[in-house]
Amino acid sequence: MTAPVSKLLEVHFWAPTFKWVISIANVADFSKPPEQLSYPHQTVVAISGLIWSRYSTQIIPKNLNLVSVNLTMAATGFYQLSRKIQHDYYPEPEPAEAKE
């Protein structure tokens, strides 16, 4: 006899709860200068957040903690990537010195 589908796809409470540490650490890095951010790291955080957000909407029973932590991971990852891209490819122009 096989277990019901809901038992097979059940996600333990602690897994998404501990993932909040990753999101909180990424939020703490908002104060870091963009040159210290890593493209590979932030890409993995953002893409894994999207992939697992999709997964967490398909499991039964729904786990809103899992959905919210993964959406937060994706959002913080994409925000950090946008900061890094803006710093690397769209630098702020130097202020022109006034001629006397």
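**Notes on the helix packing**

1. Along the sequence, the elements of this protein follow the pattern α-α-α-α. The count is four helices and zero strands. The model is a predicted one.

2. Of the 100 residues in the protein, 26% count as buried. The accessible surface is about 7,400 Å², and carbon and sulfur atoms contribute 67% of that.

3. Helix α3 (residues 39-58) and helix α4 (residues 64-89) have axes that come within 7 Å and cross at roughly 150°. Angles over 145 degrees count as roughly antiparallel, and α3 and α4 are therefore roughly antiparallel to each other. Their crossing is left-handed. The contact of α3 with α4 involves 16 nonpolar, eleven polar and two charged residues.

4. Helix α2 (residues 14-28) also packs against α4: the two axes come within 9 Å and cross at roughly 20°. With the limit for roughly parallel set at angles under 35 degrees, this makes α2 roughly parallel to α4. The crossing of α2 and α4 is left-handed.

5. On the α2 side, the residues in contact are P16, T17, K19, W20, I22, S23, N26 and V27. On the α4 side they are N65, L66, S68, V69, N70, T72, M73, T76, G77 and Q80. By class, the contact of α2 with α4 holds seven nonpolar, ten polar and one charged.

Note on methods: Residues numbered from 1 in each chain as written. Predicted model: local features only at pLDDT ≥ 70, side-chain atom pairs only at ≥ 80, totals over all residues. Heavy atoms only, no water. Axes fitted to C-alpha atoms, helices over the stretch in contact; angles between N-to-C directions. Helix = DSSP H or I, 4+ residues; strand = E, 2+ residues; numbered from the N terminus. Parallel < 35°, antiparallel > 145°, perpendicular 65-115°, else oblique. Left-handed = near helix turned anticlockwise from the far one by under 90°. Nonpolar A, V, L, I, M, F, W, Y, C, P; charged D, E, K, R; others polar. Buried < 20%, exposed > 50% of the residue type's maximum accessible area, 1.4 Å probe, protein only. Areas by Shrake-Rupley, 256 points an atom, 1.4 Å probe, with all protein chains shown as cover. Contact = heavy atoms within 4.5 Å.
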